[in-house]
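Subject: Structure handover, salt bridges

Hello,

Please find the structure below. My notes on its salt bridges follow.

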Amino acid sequence: MDYLLEPYNARYDELLRKLIAERRFSYLKFDEALEFFCNTITEALGVERVGIWELNATETELKAVVQWSASDGVAQSKFVLGAGQADKYLQSIKGNIQLSFDDAMNDPRCSELAQSYIPKYGITSMLDCPINDINRMIGVLCIEHVGPKRSWTKEEQNFAGSIASLIALAFENRERIKAEAETSRQTKRLQFYRNLVSDWQWQTDVNHDVIEVLGHDLDIGRDYQEVWNRPIWELDWITPVDTTWDDLKSNFDKRQKLDSIIISMKLGGGEIIYSELSGRPIFDENDKFSGYWGVAKNITEKLQRENELQSILKIHSNAARLAKVGSWVWDEVKGRITYCSPELADIYGITPEELIERTVAFNLPEDTVRDPGVPPYEKDLSWVHPDDREHYRKVVERAHQMATGYETVTRIVRDDGSIRVLHELAEPVFSDDGRFVATTGVLIDMTDTETRKNELKRSREQLANLMDNIPGALYRVKNDENWTPIYKSAGFDELFGFKSPGDEGPAAARLEYQNVLRDADMENVKEKVAQAIKNGSPYEFEYPVFREGATEPVWLFERGRPILNADGEYELEGVLIDVTEKHAAQEALIQSQRMDAVGQLTGGIAHDFNNLLAVVLGNLELLRDELHDPLHTDFVDTAITATLRGSDLTKKMLNFAQQARLEPAALDLNENILGVQSWINRTLPQNISIRTKLSPDLWEIMVDHSSTESLILNLILNARDAMPQGGDLTIETANKTIDADIIEAPNETLLHGDYVVLSVSDTGHGIPRDILDRIFEPFFTTKATGRGTGLGLAMIRGFIKQSGGTVHVYSEQDIGTTFKIYFRASKHEPAPNLLKAQPETKDALTGVKILLAEDDIQVAKVIAMILERLGSSVTLAANGDEALKIFQTDPDFSLLLTDIVMPGELMGTHLAKALRDIRRDLPVIFMSGYADEAMVHGNGLRPDDIKLSKPVSRADLVQSIQEVLKLGGVT
């Protein structure tokens with residue numbers, strides 16, 4: 001057909017390929033296949049009605065096999081279009097061409113149909129395709145459109161023609177089934193006649209001696225001449241089964257008919273077979289007896305089958321009784337049940353006799369019009385559940401029309417009101433002349449099974465819901481190259497980032513682990529699984545999964561075991577758990593430990609370095625006092641400046657190590673920012689604009705002023721470096737109350753309370769995510785060599801944590817970065833200013849008697865020399881233990897000047913406490929290269945004690961001594 005060669009619309013082409021590939025219609029019964037095609041057409045073409053018509057052998061009329069309505073479903077009306085009803089239409093369609101009626105009412109080929117059929121159903125357009133078998137046209141596919149007139153496209157016409165070809169296959173399949181049924185019946189008839197033919201023919205003379213045996217093509221392992229000229233009862237290998245030789249002799253002697261005499265025959269090989277003999281006496285033309293003529297048939301297999309049948313019947317009877325399977329026979333002629341097994345009656349809850357009496361069809365009134373093939377009665381459906389009756393009626397009537405069996409599941413309501421679920425199977429019974437005369441079937445009570453099935457379904461749903469909601473996932477996979485899944489819970493694909501098979505077709509079902517696991521991890525997993533299979537032991541491991549589109553891996557913990565399936569092949573089942581947070585916590589702990597170690601190392605180095613600087617600074621200051629040459633004085637001043645810069649560097653290192661000594665005082669952060677802004681604009685390039693958004697009612701904070709200013713400066717300079725092409729720099733302040741402890745970063749908790757938040761934001765290139773966690777590491781920098789030490793952010797973090805706050809960074813590449821600094825808000829009044837340093841004079845400390853405890857001899861000598869030049873008396877002690885002994889001998893000292901960390905039993909704070917136990921009012925000044933060392937080790941501090949960080953300048957030392965002596969009442 002030419003229209004099959006036309007190009008299809010892609011949608012229709014895909015649908016046709018699917019229909020042909022699946023061939024679902026080839027597994028359906030004839031009427032079900034036609035309904036399937038009708039429903040497919042209505043959905044594909046969007047039409048209301050589809051009819052499939054069969055053309056009779058004389059091609060004079062069309063009979064509707066099925067008429068389908070998209071809204072109402074199937075209607076098998078058996079509508080007939082004969083001569084005079086559609087002559088022009090028949091003439092057109094018999095040309096074996098496809099007919100397209102865009103305006104069916106006014107098309108001359110449909111003039112007869114337009115009289116009644118077309119307006120009756122509201123049809124406006126039709127698309128009709130011939131249905132052909134190999135030899136001729138056998139029917140028509142009629143696609144009927146209801147609504148506005150419709151022009152059929154070439155793609156729609158091609159699609160309809162292709163469906164018509166598939167429908168032809170359904171007609172051919174129906175004819176094939178009928179032919180096979182007829183062939184089966186003919187084969188049975190031939191088998192019956194063949195079975196009537198005997199295996200042997202035999203004849204005796206008047207003395208009953210066998211004189212002839214025919215049937216040599218049946219091998220009995222003996223020579224037939226053994227039986228000649230001898231009566232059969234003289235043969236010792238032949239024995240009668242259901243009679244005796246004496247009785248048989250008597251029958252021969254009396255010239256009686258011999259019918260179905262069963263004998264056993266022992267063959268030459270020892271095998272025993274059974275034969276059935278029949279014979280008639282022979283009389284000549286003078287009516288004189290001349291012997292017997294007869295036949296024999298081998299009935300060994302027949303007897304075996306009968307025995308087997310009896311055994312099977314017994315087994316089936318026992319099985320039916322135990323399984324409660326009922327059987328029945330329905331007489332199609334009488335319209336009633338003629339046989340009911342006891343098991344069937346038990347299912348219905350009544351006796352067999354009562355069931356037979358009650359299960360009778362009702363004869364329909366004589367004027368009832370029934371479609372051909374439908375019985376002239378209505379079966380009693382009173383047993384059937386009201387909700388199932390219509391479905392059950394259709395199933396039974398369709399089986400009757402097609403003379404086929406059926407299978408259905410339905411519910412019945414017993415007399416006691418209980419409901420049973422029955423599985424019914426039936427087969428047709430035909431008479432010898434091929435008439436459909438009865439239906440026989442079985443019923444299986446599935447009520448308990450259905451109940452258990454529903455319970456099992458609920459249990460499985462509950463189990464599936466439980467398994468789908470556990471943290472992680474469960475799985476069972478084949479031990480093949482791709483670990484093909486047999487079962488996986490809902491979280492499985494999510495953990496690996498796999499797409500479900502439905503997303504990209506069957507190919508997406510292949511789980512390509514190599515795309516999300518590193519090669520080394522894959523090898524490790526395979527090796528451990530292979531070892532587990534070898535040892536018959538569980539396996540467990542952790543590995544990162546790099547999901548598509550994700551910036552960070554997901555860490556999975558997997559534990560499972562190999563198991564043998566029914567085919568003796570290994571499968572793997574186990575559980576997956578997301579342990580990403582655990583790994584993050586471990587990394588944070590390692591980082592924290594690393595920072596602690598670096599901090600301790602930095603603090604130790606700074607302590608020793610400060611002692612060295614103290615020696616250098618002290619000697620330089622002493623040397624300067626002896627110089628009178630301005631040039632030499634400049635040299636010393638330069639060296640003192642460098643020493644102080646070294647001290648400042650040490651302080652920065654201690655800030656990072658959170659060990660710097662801070663001098664917190666009340667601070668208005670807004671004023672500090674405005675002060676920095678007043679001069680920082682001159683250091684920023686013109687392509688960077690700086691804006692401030694400062695809260696007018698900002699709370700005060702208690703912080704070290706210089707460290708805070710250094711923090712702001714560091715953040716501004718970092719922002720400048722992040723915007724080499726220019727941008728916006730925004731500085732904001734705000735009050736914030738934290739209602740509960742929150743985690744701002746791994747291992748960092750922001751305690752609840754009041755905070756002042758400083759935000760510094762830039763519109764620069766941002767910080768890459770892979771280094772965001774490292775920016776606070778000491779000496780880590782992305783700047784070019786010589787442009788940064790990598791200590792700026794580390795010192796900021798140390799200072800903020802030491803001040804009781806925290807720092808958090810938010811960054812997006814190509815968008816910008818924001819640093820948020822949380823300062824603890826203070827309710828304290830501003831701290832009083834320290835005494836301004838007074839210029840020291842030669843006799844500034846005249847008469848002051850000082851006990852100096854310092855383990856570094858060089859530091860001790862320098863300090864002693866400075867103090868003695870200013871008029872004080874200094875007694876040196878190499879450690880706390882020695883200082884205690886000196887004081888016990890002579891407690892008349894103006895003050896104690898002591899280092900904190902010293903060898904021996906008494907640290908600086910312990911020494912102070914021990915001396916104050918002797919003399920309560922003793923003033924004490926502490927010195928240390930550490931920051932809060934006195935806080936860590938001290939239980940001997942007083943609020944008025946002064947703590948100095950090494951190296952100590954002469955001015956700071958003199959000012960502190962004067963201050964403590966003044967507070968202590970010494971003049």
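A residue counts as buried under 20% relative accessible area, as exposed over 50%, and as partly exposed in between. Please keep in mind that this is a predicted model.

By that scale, Arg358 is partly exposed, because its relative accessibility is 33%. Glu354, at 31% relative accessibility, is partly exposed as well. The side chains of Arg358 and Glu354 meet in a salt bridge, with N to O at 3.2 Å. Both residues belong to helix α9, which covers residues 352-358, and they sit 4 residues apart there, so about one helical turn separates them.

How many salt bridges does the structure hold? The count is 29. Side chains of opposite charge can pair when their charged atoms come close.

Another pair is Glu156 with Arg150, whose side chains form a salt bridge at 2.8 Å, N to O. Are these two buried or exposed? Glu156 has 9% relative accessibility and is therefore buried. Arg150 has 14% and is therefore buried too.

A further salt bridge links Arg435 and Asp433, where the closest N and O atoms are 3.0 Å apart. Arg435 has a relative accessible area of 45%, so it is partly exposed. Asp433, with 53%, counts as exposed.

Regards

How values were computed
Residues numbered from 1 in each chain as written. Predicted model: local features only at pLDDT ≥ 70, side-chain atom pairs only at ≥ 80, totals over all residues. Heavy atoms only, no water. Salt bridge = Lys/Arg side-chain N within 4 Å of Asp/Glu carboxyl O. Buried < 20%, exposed > 50% of the residue type's maximum accessible area, 1.4 Å probe, protein only. Helix = DSSP H or I, 4+ residues; strand = E, 2+ residues; numbered from the N terminus.
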